[in-house]
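Take a look at the protein below.

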Amino acid sequence: MAKAVRASVGDMWISCQVCKGDLFRERGVKLNSTGGEFFNLAWADETATGLICWRCGFVHLFVNRQIQLHRVKE
């Protein structure tokens with residue numbers, strides 16, 4: 001099962017846009033482009049960090065490389 005994380009960018013903590021929760025599951029997400037798909041180069045497309053809200057399931061996408069994930073102690 002996925003581990004819960006909290007996330008921040010710099011000194012700003014991230015909360016869910018929908019329910020304001022602050023626990024997430026993290027997952028890498030490919031940002032496919034039409035050209036990459038057409039020429040069979042989807043592997044070269046950019047990757048984003050997906051944060052899935054633990055409470056409501058809303059998916060937040062971040063391409064900012066400054067995002068930091070903080071494991072939650074159980």
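Q: How many disulfides does a search of the whole structure find?
A: A disulfide is a pair of cysteine sulfur atoms within 2.5 Å. Cysteine 53 is in no such pair, as the nearest cysteine sulfur, in cysteine 19, is 3.5 Å away. The search of the whole structure ends with a count of zero.

This is a predicted model, where local features need pLDDT of at least 70, side-chain atom pairs count only at pLDDT 80 or more, and totals for chains, interfaces and linings use all residues. Residues are numbered from 1 along each chain as its sequence is written, and side-chain values use heavy atoms, leaving out hydrogens and water.

Q: Is cysteine 53 buried or exposed?
A: Buried means under 20% relative accessible area, exposed over 50%, and partly exposed in between (1.4 Å probe, protein chains only). Cysteine 53 has a value of 4%. Cysteine 56, at 38%, is partly exposed. The label for cysteine 53 is therefore buried.

Q: What is the order of the elements from the N terminus on?
A: Helices (H or I, at least four residues) and strands (E, at least two) are DSSP runs, numbered from the N terminus. The protein chain has one helix and six strands. Their order is β-β-β-α-β-β-β.

Q: Where is threonine 49 found?
A: Threonine 49 is buried, at 16% relative accessibility. Contact means heavy atoms within 4.5 Å. Leaving aside neighbours within four places in sequence, threonine 49 is in contact with Glu26, Arg27, His60, Leu61, Phe62 and Ile67. Its place is in strand β4.

Q: Which side chain meets that of aspartate 22 in a salt bridge?
A: A salt bridge is a side-chain nitrogen of Lys or Arg within 4 Å of a carboxyl oxygen of Asp or Glu. The structure holds one. Aspartate 22 lies in the loop between β2 and β3 and its partner in strand β1, so the pair ties together parts that are 16 residues apart in sequence. At 2.9 Å, N to O, the partner is arginine 6.

Q: What is the phi of lysine 20 near?
A: Most residues other than glycine have a negative phi. Lysine 20 sits in the loop between β2 (12-13) and β3. Lysine 20 is exposed, with a relative accessible area of 58%. Its phi is positive, near 70°.

Q: Where does leucine 31 lie?
A: Leucine 31 counts as partly exposed, at 31% relative accessibility. Its position is the loop between β3 (24-30) and α1 (34-38).
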